[in-house]
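Good morning, colleagues. Please bring up the sequence and the structure, and I shall take you through several of the local arrangements.

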Amino acid sequence: QLSVSALSAQLGAGQLQGHSEVLYTPTAPNAYQLNAGLDFATLDPAFFASNSAAAVPLQGQFDGTVTLRGAGPSLAAAVEDSELSLRISGQDGVLTAFELDQRSQLGLGLVNLLGQSLEQPKITALSKTVPYFKDIRFDHFAFELTRGEDKHVLIPELKVTGENLFLDASGSVAAGRWRELIDQPLELNLRLGAKGKLMDYLHTLHLLEPSAVEEGYRLWNQEVQLTGSLAQPNTGALMDLLNAAARRAFSGAPSAAADGAGSAKLRNRLSAPAEAAEAQAPEPQRPASKQERLREDVEMGLDLLQSIFGK
């Protein structure tokens, strides 16, 4: 027996066109053979989220194609054990996976002021870099997801091309039931590129390859491992990378003092144990020296980094 059905629907501004074929052979071990396809246009990606999932970190209107092939002793089993291919493309949207909370935004503003007061371009570059990852506006978005007979879910392509940022990732999602896919553990290897002002900031932080260029973007000198889930990606590894660059900038700040001493010796003097000072006889209060003020500023900067990155 062969059953054929077609689907056509309007979801807001989005359109769906689909078809399915089910072949039923009662005497076969896998009595149900399923072939299905779905094309969509100008669809909100929230359509793919489960009711329990957080909002999909992607805004805009997207086109795509889904194909499904499966076999099983029941129709439900044929769907659950099916092979799948999903392709999505979009233009002029927003990726919100790297959103900052209000505390982080305030902290970055203070770090920027501190970098300017210390005349430390690396510190200022950090404060200017992180906001580029909040509400990433892109010109082009491409996403591909597949599942084979082994039920391994692969992401061969996830590419975001924006005015200043280029993201190119591939990886996998832990196997699970289809309706739980968007919430399953995610592993992505992410390459990044930058151009424009962001490229200048990352060059200051020594985070770019000296000459590697792809699609007009200077590539970062490190890949980033992203985890979490498709609905809630964990971008902590990227923040760790920026955090490390910022801490290098802060740790180098004392060496900028104009007293002519070597940076290592100066850092040793600034980090002398507090007990040695307490052991001396009390002295009348005096204005803080330039070195002491510099040390206090650096410590405040590290505290701000703690509040922003949670490290």
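Strand β9 pairs with strand β10, residues 186–194, in the antiparallel sense, and 9 bridges hold this pairing. Within the pairing, F166 stands opposite G193 of β10. Please bear in mind throughout that this is a predicted model.

β9, residues 165–173, also pairs with β8, residues 153–162. These two strands likewise run antiparallel, joined by 7 bridges. One of the positions to look at here is I155, whose bridge partner in β9 is G171.

Which residues have the most contacts inside the largest nonpolar core? They are F141 and W220, in a core of 53 residues. Leaving aside residues up to four places away in sequence, F141 touches L158, K159 and V160, among others.

Finally, let us consider S229, which lies in the loop between β13, residues 224–228, and β14, residues 233–234. Is S229 buried or exposed? Its relative accessible area is 7%, which is under the 20% limit, and S229 is therefore classed as buried. The side chain of S229 reaches the backbone nitrogen of Q232 at 3.0 Å. Beyond four places in sequence, S229 touches I182, D183, Q184 and L186.

Thank you for your attention.

Technical notes: Residues numbered from 1 in each chain as written. Predicted model: local features only at pLDDT ≥ 70, side-chain atom pairs only at ≥ 80, totals over all residues. Heavy atoms only, no water. Helix = DSSP H or I, 4+ residues; strand = E, 2+ residues; numbered from the N terminus. Buried < 20%, exposed > 50% of the residue type's maximum accessible area, 1.4 Å probe, protein only. Polar contact = N/O pair within 3.5 Å; in protein donor to acceptor, adjacent residues only side chain to side chain. Contact = heavy atoms within 4.5 Å. Pairing = 2+ DSSP bridges. Core = buried A, V, L, I, M, F, W, Y, C linked by side-chain atoms within 4.5 Å.
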